[in-house]
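Colleague: I have the model open and want a quick tour. Can we go through it by question and answer?

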Amino acid sequence: MPDTARPTVLFVCVHNAGRSQMAAAFLTHLAGDRVEVRSAGSTPADAVNPSVVAAMAEAGIDISAETPKVLTVEAVRASDVVITMGCGDTCPVFPGKRYLDWQLPDPAGQGVDAVRPIRDEIERRIRTLIGEITVP
């Protein structure tokens, strides 16, 4: 981690329309300004998955204004922790970064009922991550 007490986390999935958006939203919601949060996709979609938006709204988090963003080398370089979710080898690797690969089902094309368990697993992992990366 850099000298600052505020770590930077980047979530990456293929379309930046589901898993990475949920993870970024949960980390922002639960950690507040203790963590800088980014998300991106190797091949961004045009919009966030509506079922993901609905599932997050059920959890009290509004991501309806979010838009998928393209993964850049700069975003990876500026992050302390990079968490990939099904994007394979498309994420550049730099020394000194912490890389995690979260194997999670892709919510693309799924309804809210299928997205809920993915959302809940992401929230569980985010709560664990906060304990690992933040200063109390």
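**Buried loops and crossing helices**

Modeller: N16 counts as buried, as its relative accessibility is 0%. Keep in mind that this is a predicted model.

Colleague: Where does N16 lie?

Modeller: N16 is a residue with a positive phi of about 50°, although it is not a glycine. Its place in the chain is the loop between strand 1 (8–13) and helix 1.

Colleague: Is N49 buried or exposed?

Modeller: N49 sits in the loop between strand 2 (36–41) and helix 2. Buried means under 20% relative accessible area. N49 has 12%, so the word for it is buried.

Colleague: Which residues does N49 touch, not counting those up to four places away in sequence?

Modeller: N49 belongs to the loop that leads from strand 2 to helix 2. Contact means heavy atoms within 4.5 Å. On that basis N49 touches A17, P107, A108, G109 and Q110.

Colleague: Step back to the whole chain. What pattern does the protein chain follow along the sequence?

Modeller: The protein chain has four helices and four strands. Read in sequence order, they give β-α-β-α-α-β-β-α.

Colleague: Why is the protein chain called as compact as a globular protein of that length?

Modeller: The C-alpha trace spans about 40 × 30 × 25 Å along its principal axes. For 136 residues the globule rule gives 14 Å. The chain counts as compact because its radius of gyration is close to that, at 14 Å.

Colleague: What share of the contacts with a separation of 6 or more comes from residues 24 or more positions apart?

Modeller: Burial first: of the 136 residues of the protein chain, 44% count as buried. As for the contacts with a separation of 6 or more, the share from residues 24 or more positions apart is 70%.

Colleague: How many nonpolar, polar and charged residues does the contact of helix 1 with helix 4 have?

Modeller: From helix 1 come R19, M22, A23, F26, L27, L30 and A31; they meet V115, I118, R119, I122, E123, I126, R127, L129 and I130 in helix 4. By class, the contact has twelve nonpolar, no polar and four charged residues.

Colleague: Which residues is I126 in contact with, leaving aside neighbours within four places in sequence?

Modeller: I126 is in helix 4. At 0% relative accessibility, I126 counts as buried. Its C-alpha atom is 9.3 Å from that of A31, a residue 95 positions away along the chain. The contacts of I126 are F11, A23, F26, L27, L30 and W102.

Colleague: And helix 2: at roughly what angle do the axes of helix 2 and helix 4 cross?

Modeller: Helix 2 passes helix 4 in a right-handed crossing. The axes of helix 2 (residues 50–58) and helix 4 come within 9 Å, and their crossing angle is roughly 60°.

Colleague: How do the residues of the contact of helix 2 with helix 4 divide, and what are the numbers?

Modeller: S51, V52, A54, A55, M56 and E58 in helix 2 meet V112, V115, R116 and R119 in helix 4. These divide into six nonpolar, one polar and three charged.

Conventions: Residues numbered from 1 in each chain as written. Predicted model: local features only at pLDDT ≥ 70, side-chain atom pairs only at ≥ 80, totals over all residues. Heavy atoms only, no water. Helix = DSSP H or I, 4+ residues; strand = E, 2+ residues; numbered from the N terminus. Nonpolar A, V, L, I, M, F, W, Y, C, P; charged D, E, K, R; others polar. Rg over C-alpha atoms; globule rule 2.2 N^0.38 Å. Buried < 20%, exposed > 50% of the residue type's maximum accessible area, 1.4 Å probe, protein only. Axes fitted to C-alpha atoms, helices over the stretch in contact; angles between N-to-C directions. Left-handed = near helix turned anticlockwise from the far one by under 90°.
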